[in-house]
Amino acid sequence: MNQTTNNQKGFTIIEVVLVLAIAGLIFLVVFLALPALQRSQRDTQRRSDASRAMSQLNSYQANNQGVVPTNQATLDAFKNGYLTNGGQQFNDPFTGSGYTFTYQTNLATLPTNNGEMFYYQNAVCSGAGLATGSGSRNVSIVVKVEQGGTFCMNN
């Protein structure tokens, strides 16, 4: 009698295809989740930048007898003296360039582009956007976030 035994070791084509399909699904999930994670990190940085601007604004008020910037020129002086003094970075994480820090008088105007940060005097943050504050020393800083809407912070 002539018996042959088949003791070949290896993977079948079905096993190889199954492993490749699972690896493809893993890469797809990572590929889809990565941009959302990056947007979230950039938005966290924007919130931190708005908080830093408000903190520096409090320092500005302490050094100027409670006065806050009242026009674009004094806001630019504040930005140059407190936010970017000594080569400090104050850049939008998406654009990589400095924030456009704009003095606004219309509470209905909100930032619509990455890299825009709006400053409002006599305004406070509310659930529906901005509301008129109770004094000229009330200020709000609003920045656009990528995950929709804006982030508002007031003193």
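View 1. At 24% relative accessibility, C152 counts as partly exposed, a label for residues between buried (under 20% relative accessible area) and exposed (over 50%), using a 1.4 Å probe and protein chains only. C125 is partly exposed too, at 24% relative accessibility. These two cysteines form a disulfide, with their sulfur atoms 1.9 Å apart; the cut-off for calling a disulfide is a pair of cysteine sulfur atoms within 2.5 Å. If the word is new to you: a disulfide is a covalent bond between the sulfur atoms of two cysteines. The link of C125 and C152 is left-handed, with -80° about the S-S bond. It joins distant parts of the chain, since C125 sits in strand β3 (residues 123–126) and C152 in strand β6, 27 residues apart. A search of the whole structure turns up one disulfide.

A quick word on what you're looking at: this is a predicted model, where local features need pLDDT of at least 70 and side-chain atom pairs count only at pLDDT 80 or more, while totals for chains, interfaces and linings use all residues. Residues are numbered from 1 along each chain as its sequence is written, and side-chain values use heavy atoms, leaving out hydrogens and water.

View 2. Strands are DSSP runs of E with at least two residues, helices are runs of H or I with at least four, and both are numbered from the N terminus; two strands pair if DSSP finds at least two bridges between them. Look for S140, which stands opposite N154 in β6. Five residues lie between the two strands of the hairpin, and G148 in the turn has a positive phi of about 110°.

View 3. What does R42 pair up with? R42 forms a salt bridge with E146, and the closest N and O atoms are 2.5 Å apart. To count, a side-chain nitrogen of Lys or Arg must be within 4 Å of a carboxyl oxygen of Asp or Glu. R42 lies in helix α1 (residues 13–63) and E146 in the loop between β5 and β6, so this pair ties together parts that are 104 residues apart in sequence. Both R42 and E146 are buried. E146 also forms a salt bridge with R46, at 3.1 Å between the closest N and O atoms. Salt bridges that share partners join R42, D43, R46, D92 and E146 into one network.

**View 4. R46 and D43 along the helix.** R46 forms a salt bridge with D43 as well, their closest N and O atoms being 2.9 Å apart. Both lie in helix α1, three residues apart, which is about one turn of the helix. R46 is buried at 0% relative accessible area, and D43 is buried at 0% relative accessibility.

**View 5. The largest nonpolar core.** This core has 19 residues, and those with the most contacts inside it include A53, F101, M117 and I141. A nonpolar core is a set of buried Ala, Val, Leu, Ile, Met, Phe, Trp, Tyr and Cys residues joined through side-chain atoms within 4.5 Å. Helix α1 gives the most to it, with five residues.
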